[in-house]
Amino acid sequence: MNKTINVMIAGVGGQGVIKASDVLSRAAFRSGYDVKKSELHGMSQRGGSVCSDVRFGPRVWSPMVPPGEADFLLALEPDELLINRGRLRQEGVVVSPELVETARLSNRKSLNLALLGILSVHLDIPAACWLEAIHASFAEKLHAANEQAFAEGRRAAEAHRQGRSPA
Amino acid sequence: MTSSDRQLLSGNGAIALAAIHAGVALGTGYPGTPSTEILEEFSRRGGKAQWAPNEKVALEVGIGVAYGGARALITMKHVGLNVAADPLFSVAYTGVVGALVIVSADDPGMASSQNEQDNRRYAVAAGVPMLEPADPQEAYDYTFAAIEISERWGLPVLLRLTTRVCHTQAPVQPRTSFSTAPEPHFAHDLKGRNLIPPNARPAHRRLRHKLAEIEEWSETTPLNQALPGNGQAQLGLITSGVSYLHAREAEPGASFLKLGLTHPLPLKKIRQFVRGVKRCVVIEENDPCLADAIRAAGMAVESKEDLFRLGELNVDRVRRILACDHSPEPARPAGKPPELCEGCSHRVVFQALHDLDCIVAGDIGCYALGVLPPYSAMDCCVCMGSSIGIGLGLRHVLPRAEARRVVSVIGDSTFVHSGITGLVEMIYNPPPSGHVVILLDNSTTAMTGHQEHPGTGRTLNHQPASKVVYEDLARALGLPEVRVIALGRDSSEFAQLLRSSLAAEKLVLIVARRPCVLAAAHIREYEKRAAPPAAIST
């Protein structure tokens, strides 16, 4: 991979936007990429919109995804998808909760990790790096639920892919 | 993990790590987005870190540390430096023995601030060197550089960050070896540090002499780098801080003069760079500080249009600056505004202020959200501690019928920061209709992420400490009416108290108390930890 991958993660305070971007940036870092992750927080705890930019590749300059250059938009909230869609490039991919059967998550708060699981099928990041990043980002008692959500997201994305591919 | 491993760190985290590696003896400051995590992280990594009541006190403590020959790190957001400006200007004259590094975390775009002042102006005004890192690696490296400059020239050094430097995470390669910090010691220097006019005059001369030396040094230090572009030397960009990263992405082929030390400026180096390119543009966030200084030195450089002075820069805006495109920019998506949390005790207070149609002089903190619907119950919010003075001023001049509706609302941390002198003013110069101050005591500095302060009775790392008791303080000052209420879910009891306080036309302090709903569980935990073990009954 010799270009910068731009990911935006959007939601409102309390949905785990920043946690998800922590996991993604750690996973990319552990895979050996240069990484920059940036967001505006401060208001996030008061339920306002939060959007985190994660960029990785051989060399990342600006910490912010330029408008219209996001490759992926993870939206934990439908409104946030509408608000941020304009920052996605034309062929950019939206990752939204519709792909996930939330009933299958052992903890519904782990939806952020399920979306990362979906994203993971598009990225060149080894599974071991994802696992290390999840472990580094959560207290031990939360590892299982987050690993399960990640795996569930990944499974859903793979099933979706196969469903679409010609028989 | 050894110290040589690369780590993924925020700019704030990188400064904390550098402070540990450099042997900083004391870190102190006042919480303020985007600077807050520096001291928390410094403490978490084993450094001695403290929250001061405000930035002025923090800097004064830091001056003492540096007079004692040790290394001090003082952190604050940009507006905090306004509070600390008084000691800053004078310590530039007295100089220091150890290191005095002052972090100013600016907030272009006002993600979480009341203004977007450019604190590069302070470096020039106070006559202190300023470093501007662009990313976490530089935040780490420049912390060492700031200490080295501070110790070499005996001057305070400003380390200016911006929100995108503080809160960007990126890989950081720490150093593998560190020089040992000097042993603290005291040496008298009566003439050097007592700024009575006969001492201050030579002190100013000394400061200018030091700055001239640093300017000479700035011409050769690797902190300022000329980076040749591809080919024809057509376009040259002069830039600093995070603007460099946006510009580098927007114009990878251009030549760059990347300034890490932005005061004093290496004017010879800049002149050489300007001569070597066909078109030279200064790319900087906030005020045109670099462009003004370079133009004042007689060099023809392009600067941005004034519209780019507002808000943060990004890659797209740099492209617009370079294309001289001044067309209206696409509006940023509004997003969902923040609001007072479900179950927040401030809701009760603002409901009553709304219902009683009060004229509300507000202050800085979560409760500034009381301005938003459905309460719309805050008439002004200017700076830390201003609610009391502004409320008093309104009371002094408004017609009686309006004056008696004026209320000042201030949070607990903000009150300790700079509300106490307002209370003294209220007692000393009382308005004819009296005044009502509501102190919202939620037992934490909530807005910045639940930091302790002198009124919580706990230190930065949540250990027991002496506690400022507001009602005792107010009574000791001679305030005639001090009323304390434990806030419930319902606003009627509070409304009743407020109504009677307003009607009394006296000087009244209402301490409205209930822990922040987000912090309550943590606070209980800290209290439990601090409580002496229960006696075993026999």
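Predicted model: local features only at pLDDT ≥ 70, side-chain atom pairs only at ≥ 80, totals over all residues.

Student: Okay, what does B:Asn12 touch?

Tutor: Leaving out residues up to four places away in sequence, B:Asn12 touches B:Pro34, B:Ser35, B:Glu37, B:Ile38, B:Leu161, B:Val165, B:Cys166 and B:His167. It lies in helix H1 (residues 11–21) of chain B; helices (H or I, at least four residues) and strands (E, at least two) are DSSP runs, numbered from the N terminus.

Student: Is B:Asn12 buried or exposed?

Tutor: B:Asn12 is buried, at a relative accessible area of 0%. Buried means under 20% relative accessible area, exposed over 50%, and partly exposed in between (1.4 Å probe, protein chains only).

Student: Switching topic: which residues touch the most other members of the largest nonpolar core?

Tutor: Those are B:Leu100, B:Ile102, B:Leu131, B:Leu237 and B:Ile283, out of 88 residues in that core. Helix H7 (residues 136–153) of chain B gives the largest share of this core, 9 residues. A nonpolar core is a set of buried Ala, Val, Leu, Ile, Met, Phe, Trp, Tyr and Cys residues joined through side-chain atoms within 4.5 Å.

Student: What is B:Ile102 in contact with?

Tutor: Setting aside neighbours within four places in sequence, the contacts of B:Ile102 include B:Leu59, B:Ile74, B:Met76, B:Pro156 and B:Leu159. Apart from that core lies another one, of 47 residues, with B:Cys358, B:Ile410, B:Leu423 and B:Ala495 among them.

Student: Which residues of H21(B) are buried?

Tutor: They are B:Phe494, B:Ala495, B:Leu497, B:Leu498, B:Ser501 and B:Leu502. They cover an arc of only 160° around the axis, so they sit on the same side of H21(B). The arc is that of the directions from the helix axis to the C-beta atoms.

Student: Why would they line up like that?

Tutor: An α-helix has 3.6 residues a turn, so residues three or four places apart point the same way.

Student: What covers them?

Tutor: The cover includes helix H15 (345–355), helix H16 (386–397) and strand S18 (507–513) of chain B. Just after H21(B), B:Glu505 takes a positive phi of about 55°.

Student: Last one: how many disulfides are there over all chains?

Tutor: The count comes to 0 disulfides over all chains, a disulfide being a pair of cysteine sulfur atoms within 2.5 Å. For B:Cys324, the nearest cysteine sulfur, that of B:Cys280, is 13 Å away. For B:Cys516, the nearest is that of B:Cys366, 6.4 Å away.

Student: Is B:Cys516 buried or exposed?

Tutor: B:Cys516 is buried, with a relative accessible area of 10%, whereas B:Cys324 is partly exposed at 45%.

Notes. Residues numbered from 1 in each chain as written. Chains lettered and ligands numbered in written order. Heavy atoms only, no water. Contact = heavy atoms within 4.5 Å.
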